[in-house]
Amino acid sequence: MKRIGRGTVEFTAPPTVLGAGAVGGKKEGQGPLSAYFDQTFDDVSLGYTSWEKAEAQLQNEAVAVALDKAGCTADGVDMIFAGDLLNQCISSTFGLLEYEIPFLGQYGACSTMAQTLLMAAMAVDAGAAQRAVAVTSSHFCSAERQFRTPLEYGAQRTPTAQWTATAAGAVVLGTGGKIRVRRGLVGRIRELGIKDPSNMGAAMAPAAAQSILQFLEDTGSRPEDFDRIFTGDLGLVGTRLLYDLTEDNGVDLRPVHNDCGLMLYDREEQDVHAGGSGCGCSASVLCGHIFTQMEQKVLRNVLFCATGALMSTTSQQQGEPIPGICHVVQLTVE
Amino acid sequence: MKTITKQQYGRQVQAASPDSPVVKDCLLAFLFGGFICTVGQVLCRMYQNLGLELPDARMAVSVSLILISASLTALGWYDNIAKHAGAGTLVPITGFANSMVSPAMEFKSEGFIIGLGAKMFAVSGPVLVFGITASVVYGLIVFLFGL
């Protein structure tokens, strides 16, 4: 592992993906990426009495699928990096309890998948773990009740609002797999005065632009060098702003860019306004769609740039703006 | 990356964000709100025909609308109607009923005392606090100046 440029980490013996699992809810199973999910649940309570338990179970299921595909058991994993949106990351702690894998809880809001993936890759590359798991989840119902209003409350959503995905994604990293984690960039917190919690894309776009531009500069690459640059989850508004911000710096992302928040749902048909969001959105798109396309070698060189809005209900109520973050992970397949 | 001021970015955000369809929202709010009021008037006449005096009939209308609103919330339909109706379902007494029943349903997973009991007023609490305060102030004015 070595540093290149101002913020990029290059893995000398790139950790590889041994197995990945993507699970989702009913709405996700009806979306354009439904075929890429390992499992979807029509009953989004998953048979539990609370939404929090349902989300914890989603995370548990995602890890089970990933371990199964990696052909190993929980005993064979040295570390698990996990996080979610709920206070004190309870979906991770309760969902992963039974595995008894050494656990490091993470909070990166919707950027958690890139954050945990980077942490796991660094742990494997450094020799601190032979196999490490990165996992995250989100649940529409548990997020709504924590961040917004009760589910049955009759409120209108604005056109800029995004829909929290009910989904989870898990990756087992180790040696011997096909997909490599080549480089990564730990994002810096950015805040440009956005206070509207119904416009998270706008809050996160500056961080995405900064991290992507920094990564391109550090590695001396151009957008065309990649088969795809995926951000998650800027949605419609954030994507427009990302194009504006990168264009101002002479970089055109349009030909190779796609956003997980715009991919997970049919925006018009499924009434999700500006697109999907939540840790589970980019996590399930990565662990389902992106990895499958890489295994099939449709995509060989990909940037996965998960974005997060780092506010809480308290900071929001106290009138503070929404800081954003974006971590970048470069994935390649030979 | 070039530096950008918050003001500059704010302008870019405004240009990139689709506006709420204000005319459509207002029209739907007017139609749904008007419909609820019409239902209230029909109920009022009905109760009067059943022999209630006008003040009692009006009280019965409020109770009926609250019952209907609470039932629709419990069935999970109210939010689907409100999504289109907006202020049309929020402003009448139906909105108040929904704002109490929905947190009661939502937070019962935290138990009857600290969940349902404590969180029931999470949405409507401010309306009660400031509504009651305003009525006290109004009462004092009436008392002092004999208006």
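Colleague: Before we talk about the two chains, what counts as a contact here?
Modeller: Two residues are in contact if their C-beta atoms, placed from the backbone, lie within 7 Å. Keep in mind that this is a predicted model.

Colleague: Thanks! How many residues does the contact take from chain A and from chain B?
Modeller: It takes 29 residues from chain A and 29 residues from chain B.

Colleague: Which elements of chain A give two or more residues to the side that touches chain B?
Modeller: Those are helix 6 (200–219) and helix 7 (235–247) of chain A. Helix 6 of chain A gives the most, with 5 residues.

Colleague: And what is that side made of, by class?
Modeller: The side of chain A that touches chain B has 13 nonpolar, 11 polar and 5 charged residues.

Colleague: Let's move to strand 7 of chain A. How many of its residues are buried?
Modeller: For strand 7 (residues 132–138) of chain A, 7 of its 7 residues are buried. Both faces are covered. On one side sit Ala132(A), Ala134(A), Thr136(A) and Ser138(A), and on the other Val133(A), Val135(A) and Ser137(A).

Colleague: Which strands does strand 7 of chain A pair with?
Modeller: Strand 5 (residues 79–84) of chain A pairs with strand 7 of chain A in the parallel sense, over 6 bridges. Within that pairing, Ala82(A) has Val135(A) as its bridge partner. Strand 9 (residues 167–174) of chain A runs antiparallel to strand 7 of chain A, and 7 bridges join the two. There, Ala132(A) stands opposite Leu173(A) of strand 9.

Colleague: Okay, on to helix 5 of chain A. Which of its residues are buried?
Modeller: In helix 5 (residues 140–147) of chain A, the buried ones are Phe140(A), Cys141(A), Ser142(A), Ala143(A) and Arg145(A).

Colleague: What do they pack against?
Modeller: In chain A, the buried residues of helix 5 pack against helix 2 (51–70), strand 7 and strand 8 (163–164). They also pack against helix 6 (93–106) of chain B.

Colleague: At what angle do helix 2 and helix 5 of chain A pack?
Modeller: At about 135 degrees, with their axes 8 Å apart. That makes helix 2 of chain A oblique to helix 5 of chain A. Their crossing is left-handed.

Colleague: Who makes the contact?
Modeller: Trp51(A), Glu52(A) and Glu55(A) come from helix 2 of chain A, while Cys141(A), Ser142(A) and Arg145(A) come from helix 5 of chain A. By class, that contact has 2 nonpolar, 1 polar and 3 charged residues.

Colleague: Now chain B. How do helix 2 and helix 3 cross there?
Modeller: The axes of helix 2 (residues 22–49) of chain B and helix 3 (residues 54–74) of chain B come within 8 Å and cross at roughly 130 degrees. These two helices of chain B are therefore oblique to each other. Helix 2 of chain B passes helix 3 of chain B in a right-handed crossing. The contact includes Gly40(B) and Leu43(B) of helix 2, along with Val61(B) and Ser64(B) of helix 3. By class it has 8 nonpolar, 3 polar and 1 charged residues.

Colleague: Is Leu43(B) buried or partly exposed?
Modeller: Leu43(B) counts as partly exposed, because it has 19 C-beta neighbours inside 10 Å, and a buried residue needs 20 or more.

Colleague: What does Leu43(B) touch, beyond its neighbours within four places in sequence?
Modeller: Leu43(B) is in contact with Val61(B) and Ser64(B). The C-alpha atoms of Leu43(B) and Ser62(B) are separated by 9.6 Å, and these two residues lie 19 residues apart along the chain.

How values were computed: Residues numbered from 1 in each chain as written. Chains lettered and ligands numbered in written order. Predicted model: local features only at pLDDT ≥ 70, side-chain atom pairs only at ≥ 80, totals over all residues. Axes fitted to C-alpha atoms, helices over the stretch in contact; angles between N-to-C directions. Helix = DSSP H or I, 4+ residues; strand = E, 2+ residues; numbered from the N terminus. Parallel < 35°, antiparallel > 145°, perpendicular 65-115°, else oblique. Left-handed = near helix turned anticlockwise from the far one by under 90°. Nonpolar A, V, L, I, M, F, W, Y, C, P; charged D, E, K, R; others polar. Buried ≥ 20, exposed ≤ 12 C-beta atoms within 10 Å, placed from the backbone. Pairing = 2+ DSSP bridges.
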